[in-house]
Amino acid sequence: MTERCIVVWCPDWPVRAAAAEADVDPAAPLALVEHGLVHACSAAARAAGVQRGLKVREAQSRCASLVVLPLVPAVDARRFEPVLAALETGIPTVQVVRPGLVVIRAAGPARFFGGEEAAAGEALNLLAEAGVPDARAGIADGPFTAEQAARSAHPIRIVPPDQGAAFLAPLPVSLLGMPQLAGLLARLGVRTLGALAALPEDSVRDRFGPEGAAAHRVAAGLDPRRMVARVVPADRDARQAFEPPLERIDQIAFALKRTAEAFLAALAADLLVCTALTVELTADDGGHHRRTWLHPRSFTPLDVIDRVRWQLEAAELGAAVVEVTLHPEAVDEAAHHEQGLWGGGPGERIHHALSRVQSLLGHEAVLTPTLAGGRLSADRTVLAPWGEQRPALRSPDAPWPGRLPGFVPTAVLGDRPRVVVQDPAGRDVVIDDRDVISGPPATFVTPGRLGTRVEAWAGPWPLEERWWDAASAMRLHRMQVTCADGSAWLLAHDASGWWAEARYD
Amino acid sequence: MQARTLGARTMPTNEAVAPLLPGGALRSGVAYAAPGSLALAMLLLAGPSAAGAWCGVVGIPEFGAEAAAELGIALDRLVLVPAPAEHWLSVTAQLAEVLPVVLVRPPAAGASPGEVSRLASRLRQRDATLLVAGRWSGAEATLEVTGGSWSGIGAGWGYLSARELDVVVTAREVRSRHRLRIETGFRLGAPLPAAAPQPAPRLVAV
């Protein structure tokens, strides 16, 4: 069943928004360009012969004074937001199809304002006050019919109930917004919506599938889409300004306590808990620091303050802090996070203990490992702070040609300690550009220890990664050695010399 | 101090290291010392972890998580505190409150006898097992790696594929020798007591 709709249309909205953004007179000939083709143009440009779909060169040759601007959809939406807010002050339930085109369910406003025409007039008045004087309105059964009515309105056009099909009949099928279907229909000789609606519905469904069936219903004035009012989400950010600006972390943490409690209490009032939090710090010199923190369960006020404290320690702001903003990045229903009647079980206790250790040592001090892909031993593990998910970018299941088979080293030395490898004559062992080793390793010296005799060795195995990128390219050779003292090492040799990658402890 | 209960509770233990331990299994509420080899410490950790216990590792920044996973430790129940610095003892005590098994490497200075006994009573209360990658006074057993051999590697050929560890276990003044074989992919060979010089545990005057 179709419902009566009012469609309010702001002609050339993208052009108007782009002109305001670029500070150009909207009355001048303007064109918005996407992928080298004209996407929209102003009335002056249209009068000079510019139209949608032209190449930029062609459009410029038709109108020499044409101002060409890039199409930025975000600008359209941003500029439309205040217009929409002005409309919502008078008519609360609106649905935005796209910036510049709004659907209003007719029933409510028509009863309130005393008729459909009065309601549409009120909508146009509100838009005119918001700075869009040339908006138009169409009233019909279903959003599609109402949109077509708005496009031919001066400034309001009403299509009476059940007259939609007759109104649409002479219009071309290309208005359906399905270029492939419209092209096919035109080649079959079906050029108007009336001709499409006259075809038997079953035949259309058989020939064109569900998409064709939907187009058939729309053309017959039976647009089944219903209007869904937009819901503006409540602003749940909490801000705390400091006057005078605060420099010390403990002062900020103390001052923030009540804000953090109020921030979570406001969420709790709506039966929500915060599971991800963005903290934004603003310094006196205009510096910003922003970071998102995840929580394995849900934030408590103390957790929030801990996160702010850690962020302040890491942020390296150049001046004192004037404002802290807490923004709930993700919320969840509180019912999912309630404690059981007899406490939260072992997981809850582990989490509390680890959070205490984090409060003592810092967020990055408690880590959980996951396997990742890579060739070097250090690349094959990703460590994430407790409570955060760090997705592995490299799959550990991929083949990774060049990684070592056999034993996995139990001790991965992250800081690349320098070592000395010497041949029987006491000369340093080197590997040349042709991957040839200068002599068998005989003595191996680690920093802080005496040299030991090498009992057995294997390699060198060359490894070259990302040679196409000079910044991250890596070229080295690796070698396993076992020593007389029973230790076994995985060594690496690159342009800087030998270093120990890992130990088989 | 005496244990509160007569029948000591045991934990699931990896079958490769079970014969090394007094009683044939890890006991909960006590400490074990495993100086010399991280692989042996991981093997001790693997049994409880594979059976569903959460494990903590304190003060070992080079702990190879990939090797741990190969050895049978569940990484999704593993928590690392790589650099607790001077807080290592309090972090260990806090983790022992909630985690059934904690592996810790004490810094060179070690712990004072008072701190050791406080931690021991905490372990008894919580039924947690402490594994120490180093020396520990008051350990239920000390599993020390005295030597070992590698195979699969020669003068410029092969790669490390198997390893034998000579382990000397000292438990309550009783010393026994064992040999443990670990193969590529950590397929564990059966422990070879026959290869040891003294097959049966014997008393050693200390």
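Reply: Of the contacts in chain A with a separation of 6 or more, 54% are between residues 24 or more positions apart. The model is a predicted one, and that applies to everything below. Chain A has 505 residues, of which 34% are buried. Its secondary structure consists of 15 helices and 21 strands.

The part to look at is a sheet in chain A. This sheet is open and has three strands, in the order β3-β2-β4 (chain A), and its pairing is mixed. In chain A, β3 (37-41) and β4 (67-70) are at the edges; each has a single partner strand, so one side of each lacks a neighbour in the sheet. Between neighbouring strands of this sheet the average turn is 40°, with direction ignored.

Start with the pair that follows closely in sequence. β2(A) and β3(A) run antiparallel and are joined by four bridges. Within that pair, A:Leu32 has A:Ala40 in β3(A) as its bridge partner. The two strands, β2(A) and β3(A), form a hairpin with two residues between them. In the turn of the hairpin, A:His35 has a positive phi of about 55°.

How does β2 of chain A run relative to β4(A), and how many bridges join them? Strand β2 (residues 30-34) of chain A runs parallel to β4(A), and the two are joined by four bridges. Two of the positions can be named. A:Ala31 stands opposite A:Val68 in β4(A), and A:Val33 has A:Pro70 in β4(A) as its bridge partner. In a regular strand, side chains alternate between the two faces of the sheet.

What packs on this sheet? Helix α1 (residues 13-22) of chain A does, touching β2, β3 and β4 of chain A. The direction of α1 in chain A makes about 100° with that of β2(A).

Now for the surroundings, where chain A meets chain B. Chain A brings 41 residues to the contact and chain B brings 42 residues. On the chain A side, the elements that give two or more residues are α15 (345-361), β13 (367-371), β15 (411-412), β18 (452-465), β19 (474-483) and β21 (497-504) of chain A. The most comes from α15(A), with eight residues. By type, the chain A side of the contact has 27 nonpolar, ten polar and four charged residues. Strand pairing also crosses between the chains: β18(A) and strand β9 (residues 155-156) of chain B pair in the parallel sense over two bridges. There, A:Trp457 stands opposite B:Ala155 in β9(B).

Last, the confidence values. For the complex, the predictor gives an ipTM of 0.84 and a pTM of 0.63. Chain B has a mean pLDDT of 83, and 85% of its residues reach 70 or more. Where pLDDT is low, the predicted coordinates should not be read in detail.

Key: Residues are numbered from 1 along each chain as its sequence is written. Chains are lettered from A and ligands numbered from 1 in the order in which they are written. This is a predicted model: local features need pLDDT of at least 70, side-chain atom pairs count only at pLDDT 80 or more; totals for chains, interfaces and linings use all residues. Two strands pair if DSSP finds at least two bridges between them. Axes are lines fitted to C-alpha atoms, for helices over the stretch in contact, and angles run from 0 to 180 degrees between N-to-C directions. Two residues are in contact if their C-beta atoms, placed from the backbone, lie within 7 Å. Ala, Val, Leu, Ile, Met, Phe, Trp, Tyr, Cys and Pro count as nonpolar, Asp, Glu, Lys and Arg as charged, and the others, Gly among them, as polar. A residue is buried if 20 or more other C-beta atoms lie within 10 Å of its own, exposed if 12 or fewer, and partly exposed in between; C-beta atoms are placed from the backbone. pLDDT is the predictor's confidence in each residue, from 0 to 100.
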